[in-house]
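Please look over the structure below.

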Amino acid sequence: RRTVGVEVVWMRKFLVGLSSALILAACAPVEEAQPPAQSPGQDPCAAESLPLKTPGTLTVGTSFPYYEPFKSGPKKTPEGFEPDIVQELSTRMELGGIEWVVRSFESLYAPGTKPYDFSMDQISITEDRAQVVDFSDPYYRIQQGLLVRSGTPIEDATTVDDLKQYKFGAQAGTTGLTYIKDVIQPDDQPNQYNDTKDAAQALANGQIDAVVIDVPIAIPLTEDYEGTTVAAQFITDEGYGMVFEKGSALVECVNQALGEMEDDGTLKELQDEWL
């Protein structure tokens, strides 16, 4: 009996000690998984080091329909100014492929994780957007244009005050719509459309008097919608940038390749070819 009693006491102590150890282990802070450490001297922008959604492939977000000369053609294989830039980036970053992912325009600069490495869709760099996403350096600078029907009274406007009496429209989520609301401030609320082509069609049909839209997009639209013209431009000096998830380590590497393209004249050559 004494022997049994000693064993029982010892077992109780053992179990109490084990329970304490388990409690301490459960309360210990859990270390977050860390990315693998890079070897000394390893280039963070080397192809094998890039934080891509799919290794070896540059996955790019865009909206549809496409607007020439920035993009045209099939959804998955567009051609134009922006696809050529992406191809050049892919080559300089020594990647093997490019994949395009189509989403709504406004979602391209919304916060949160994305199924692509960055989006590229004539997205203007703004302070408000930069609060929730990261931008590359600008790859093109633009002004806002006033798209109207030829021969209508709005063509004679010479000041912003002259424009307030007219009915405006623009694609939802664009800086053109923001310019209408914040600067022109027309007497009537502007109409919002799913895309710029819907806005241009409404203009051509006489449902609105004007659309405010990026000049390099507005000019080709005058060829698609007969009777429309770009009557003026507003000097906004906006820069188009590629859009990344907030905190993306890929921004620096894309900017590095983009800077090389600017320094050696490649970016200018593409602008001259397409724009």
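Buried means under 20% relative accessible area, exposed over 50%, and partly exposed in between (1.4 Å probe, protein chains only). This is a predicted model: local features need pLDDT of at least 70, side-chain atom pairs count only at pLDDT 80 or more, and totals for chains, interfaces and linings use all residues. Residues are numbered from 1 along each chain as its sequence is written, and side-chain values use heavy atoms, leaving out hydrogens and water.

**Helix α7**

Helices (H or I, at least four residues) and strands (E, at least two) are DSSP runs, numbered from the N terminus. Helix α7 has 14 residues, 250-263. Buried in α7 are Leu-250, Val-251, Cys-253, Val-254, Asn-255, Ala-257, Leu-258 and Met-261. They pack against the elements tabulated here, where contact means heavy atoms within 4.5 Å.

| Partner of α7 | Residues |
|---|---|
| α2 | 81-92 |
| β3 | 118-119 |
| β4 | 133-135 |
| β10 | 243-245 |
| α8 | 266-274 |

Just after α7, Gly-265 has a positive phi of about 90°.

Two strands pair if DSSP finds at least two bridges between them. Five strands form an open sheet in the order β7-β6-β8-β5-β9, with mixed pairing. At the edges are β7 (191-193) and β9 (228-240), each pairing on one side only. Strand β5 (residues 140-149) runs antiparallel to β9, joined by nine bridges. Opposite Ile-142 stands Glu-238 in β9.

Notes: The expected span of a helix is 1.5 Å times one less than its number of residues.
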